[in-house]
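Here are a few notes to read alongside the structure. Have it open as you go through them.

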Amino acid sequence: MAKTAITPTREEDYPEWYQQVVKAADLAENSPVRGCMVIKPWGYGIWENMQRVLDRMFKDTGHENAYFPLFIPKSFLEKEAEHVEGFAKECAIVTHHRLEPGPDGGLIPAGPLDEPLVVRPTSETIIGHMFAKWIDSYRDLPLKINQWANVVRWEMRVRLFLRTAEFLWQEGHTAHATKEEALEETRLMLDVYADFAENFMAMPVLKGEKTKGERFPGAESTLCIESMMQDRKALQAGTSHFLGQNFSKAQEIKFQNAEGGESFAWTTSWGLSTRMIGALIMTHSDDDGLVLPPRLAPKHVVICPVLRKDEDRTTVMEYCEKLKQEIAAVRYDDRPVEVFIDDRDMRGGEKKWYHVKRGVPVRLEVGPRDIKNDGVFVGRRDQPKSTGVPRAEFIAQLPTILAEIQQGLFDRALQMRESNTRAFDSLGEFKQFFTPKNQDRPEIHGGFVECHFVDCDETEEILKPLKVTPRCIPLDQEPVEGTCLFTGQKTTCRGVFGKSY
RNA sequence: CGGGGUGUAGCGCAGUCUGGCUAGCGCACCUGGUUUGGGACCAGGGGGUCGAAGGUUCGAAUCCUUUCACCCCGACCA
């Protein structure tokens, strides 16, 4: 038996560890379609919880859901120059609309389309087109729409959840009468994302602005939340874009203002994807598999009946059923606790590890011995040892236990980020920090570095060979005079740097 | 699209250099039994057009030609 449920460990080979966790927790697997994944029930359950929480947040901030087509006329994508350039290289294109029997018994495409359709890589253009029709007057503004959808970006290299050719996400699109209002919206949605990440995913994030090079194609500015994974690499977890009037001018999203004149709307867009499941895995999971923050766990508690002898079976199962109902009556996070019984005919040890690997926050084992004492045997995913506890006591403590696990995960992740964040004054230290000791098989190294910098080509040139990128310029910083670590120029701008996914 | 690699059972592989019995092993799966408060053990069993097409040969997983697919390293990325 291996010392850890997952091999290799994070230390030994982080990328491989990640893949093994996804597999062991039964979250998703590769599909016959290149680059596309199949999300399995346990993984999809996490996504459903993410959707539920975010959807509530979007509605609470005045947004409504709608749905737009999967296909976008190619001409739409051509309207915004930077936007085309950004996405052109990774678009799937539909050119035909039927199949005919071919000479070799196969099927060949027939019925070519007059105008090819692009499978949406994002929906700015088609939503903008509809916005133009819906908006006539300043009284129609603001218009605040969200869509839950799948999008396709023909990525060359893929990893489950982190980068797949097709992924699920939500994309918010809003139009406003003034620049200020649009900027406020961009910032508001970033705050929503940060709230979601920190309070539900238990994942601390940096809120910041992207540099020119990292900006969304066509955006005036891109705000983002950045998070540090356990291998100290950065993951962009969500973005909120201020699109200025770029898209409204390209798509004629115009309105008559209160003064009777004609104005272009100011638009925003913001998105968050199934990549967050990857972020969740890489933030919390350990060498025994997935660790789930209770607020997003598909199930909170699993009851494993210990059925050794046939004559005990009825007693044990009845006790478990009663226990299940009692637990389901407990509330956590404004919802009933999600509990289920796993009575599969399986060895105790195997069953225990099955649930450990899937990250169920609380495991209960109930056998004749516990029933005699009216107790339960409790195993917490965040603690190595299981303990026997009186049933009533467990029921009373359950919300506290779940809250403790949730908070503990956040604290640990924050501690991890803080202890791997540095502020350097010399480029030498910076370079050393990001250079692995073992070049052939780089060990886990680096982290975040905070320093003054000027967003220019020279800076990018220095960063390139190090494979380091500016992650963001943190928001709300007091301007302090300093020297750019890369160019030596005077500046008040400070940024956070790191290697990224 | 540049450089490298791999295709053999559901998964992971050996066998290929040096052609030769009925193509093997581990895990998983099925059956029976012994077990069961910590990832069991014993016995038996099912499952393969050896990526595809063509060629050489008495004989091809193995040699030759062509082709397809996938993986890794680069450019791009929620």
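Predicted model: local features only at pLDDT ≥ 70, side-chain atom pairs only at ≥ 80, totals over all residues.

1. Start with RNA strand B. The surface around RNA strand B takes in 32 residues, and those that come nearest are Ala 5, Gln 236, Gly 348, Gly 349 and Gly 367. Sorted by class, the surface has 14 charged, 10 nonpolar and 8 polar residues.

2. Next, have a look at β27 (residues 494–498). Strand β27 is largely enclosed by the rest of the structure, because 4 of its 5 residues are buried. Strand β27 pairs antiparallel with β23 (residues 448–452) over 4 bridges, and Val 449 has Phe 497 as its bridge partner there. Strand β24 (residues 469–474) also runs antiparallel to β27, joined by 3 bridges, with Thr 469 opposite Gly 498.

3. Now the nonpolar cores. The largest has 91 residues; the members touching the most others are Val 21, Tyr 193, Ala 197, Met 201, Ile 225, Ile 303 and Leu 364. Helix α12 (residues 391–418) gives the most to this core, with 8 residues. A second, separate core holds 25 residues, including Leu 77, Ile 127, Phe 131 and Phe 216.

4. Finally, pick out Ile 225. Setting aside neighbours within four places in sequence, Ile 225 is in contact with residues including Leu 190, Tyr 193, Ala 194, Ala 197, Val 205 and Leu 206. Lys 207, Ala 237 and Gly 238 are also among the contacts of Ile 225.

Terms used:
Residues numbered from 1 in each chain as written. Chains lettered and ligands numbered in written order. Near = placed C-beta within 6 Å. Nonpolar A, V, L, I, M, F, W, Y, C, P; charged D, E, K, R; others polar. Buried ≥ 20, exposed ≤ 12 C-beta atoms within 10 Å, placed from the backbone. Helix = DSSP H or I, 4+ residues; strand = E, 2+ residues; numbered from the N terminus. Pairing = 2+ DSSP bridges. Core = buried A, V, L, I, M, F, W, Y, C linked by C-beta atoms within 7 Å. Contact = placed C-beta atoms within 7 Å.
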